[in-house]
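Here is a short walk through one structure.

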Amino acid sequence: MAATVTVQLGQCGTQIGHELLSVLHEEATFYHHKDRLKDYNDIAMKTFFNDTQCGKHEARSVMIDMEPKAVNWAVQDTTGKEWRYAKSQQFVQKSGSGNNWSYGFKVHAPKCKDAIIDLIRKEIEKCDYFGGFLLLMSLAGGTGSGLGAFVGNVLRDNFPRATVLNPVVCPYTSGEVAVQNYNAVLSLSHIIAVSDAVCLLHNNQLHEICHRLLGIKQVSFHDMNKVAAHQLASVLLPIIQDKQSGSRFQNVLNDIASALVCNSRYKMLDLKCVPYMSPHTMAFNTFQWEGLAKRMFQMMLTDHHMDEGLNWRTTLTRPHGKTQRSSTYTKYVSSLLFMRGQGSTSYDLLTQFGDSRLYPTWIMPACRNSVWKTELPFRGYEKCIAFLSNGTSCVKSLNVLTEKAWDMFGSKAYLHHYYKYGLEESDFINAFATVENVIYSYKTL
């Protein structure tokens with residue numbers, strides 16, 4: 001099995017990465033004592049963790065932050081658990097980046113470059129077979145976005161054959177920091193160029209899932225990180241069907257990138273899951289594949305992030321059987337369904353989710369949609385579906401980021417904070433052009 005090295009960048013990347021590793025370890029160890037499913041445990045563990053002589057599993061992880069608080073919390077939180085972080089595989093400084101992308105990219109990054117590469121290379125050397133990087137970061141801040149963009153460039157330069165999957169967190173549209181749109185556009189312009197795939201996670205959507213589906217009245221970033229970790233784990237855990245067919249994944253990151261990214265112009269991924277519910281109501285609900293598939297398909301058509309509040313009026317066909325205008329529903333380059341739970345291997349979703357009207361004509365039928373199935377449940381849900389797609393879902397959020405950034409740029413707002421650390425006007429113009437080219441590519445599907 002190909003090992004994945006998780007690189008957790010900044011406060012957001014550190015916290016989401018920690019929640020994700022906790023979920024991956026918990027799900028893998030759940031089947032440890034069931035002989036026929038021990039392969040599942042071995043595959044998940046060898047992909048994301050190292051074995052140690054003391055019996056604890058060590059995460060294949062490097063944490064990088066310019067402030068120690070989040071990293072120290074993550075390390076201490078593993079106390080008493082069956083997994084931990086390797087010693088000396090964390091890089092921290094005593095001063096942050098002040099939410100300034102330029103400071104993280106131009107000041108911190110060059111000073112830290114050699115030390116960070118050494119830590120990453122050290123982690124790779126522990127792998128029998130290295131597959132790629134899971135690069136977790138936020139787009140809004142200074143360290144995660146600025147230093148994160150730099151680290152992405154460094155990884156591509158030093159490990160050109162490694163697969164880089166880059167889940168990134170988009171800020172609240174209402175605003176977390178004044179310069180978040182600058183930071184986001186600058187970050188995206190770099191990571192789009194060096195990553196094999198970029199998976200967008202949205203704070204607005206994570207917050208709404210916590211509030212409306214999980215019933216959390218006062219939603220915290222910790223709650224949102226747990227939802228993000230749930231979503232990512234639903235596609236990163238192995239697919240085990242039976243002893244004859246074995247594992248779906250030999251290299252989890254490469255398998256996903258190969259299935260979804262057929263053209264370097266289209267790298268933006270979107271992730272949806274059903275069902276979601278609070279733990280105390282889970283025992284009182286039952287799920288059928290037909291119902292879950294129906295809700296997920298409508299989420300696919302309407303680009304809605306949860307199965308509550310769906311627009312059921314949007315369909316592929318009009319009432320009289322005529323084809324609906326393609327502008328009324330989401331278009332896709334490719335899509336990937338993960339079905340986890342009893343009866344999944346005997347339920348067919350390929351025809352419905354692979355409908356030719358959802359994809360451009362230049363995509364071959366065999367490349368449009370794949371369905372990966374396992375009979376094993378996930379996170380206590382007897383049946384669940386995750387939908388990882390490459391399509392026009394990214395257009396709305398990227399438009400909002402670029403339009404707001406352009407408005408600020410036209411007013412020359414806050415630009416002096418970036419210029420004094422070495423960024424130039426041409427850097428902004430090039431960043432806008434890169435992101436707008438991505439938007440245009442998806443709009444023309």
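Five bridges join strand β7 (residues 130-138) to β8, and the two strands run parallel. Bear in mind that this is a predicted model.

Now move on from β8. The chain passes through helix α6 (residues 180-194) to reach β9, and this β-α-β crossover is right-handed. β8 and strand β9 (residues 197-202) pair in the parallel sense, over six bridges. Here proline 167 stands opposite cysteine 199 in β9.

How many residues of β8 are buried? Eight of the eight residues in this strand (163-170) are, so to speak, under cover: the strand is mostly covered. In a regular strand, side chains alternate between the two faces of the sheet. In β8, Thr163, Leu165, Pro167 and Val169 point one way. Val164, Asn166, Val168 and Cys170 point the other way. Both sets are buried.

Helix α3 (residues 69-77) shows another pattern of burial. Ala70, Val71 and Ala74 are buried. Seen down the axis of α3, these buried residues fall within an arc of 100°, so they line one face of the helix. An α-helix has 3.6 residues a turn, so residues three or four places apart point the same way. On the other side of α3, Lys69 and Gln76 are exposed. What do the buried residues of α3 pack against? Their partners are α1 (10-30), β4 (61-65), β5 (83-85) and β6 (90-92).

Technical notes: Residues numbered from 1 in each chain as written. Predicted model: local features only at pLDDT ≥ 70, side-chain atom pairs only at ≥ 80, totals over all residues. Heavy atoms only, no water. Buried < 20%, exposed > 50% of the residue type's maximum accessible area, 1.4 Å probe, protein only. Helix = DSSP H or I, 4+ residues; strand = E, 2+ residues; numbered from the N terminus. Arc of directions from axis to C-beta. Contact = heavy atoms within 4.5 Å. Pairing = 2+ DSSP bridges. Right-handed = clockwise from strand over helix to strand, strands pointing away.
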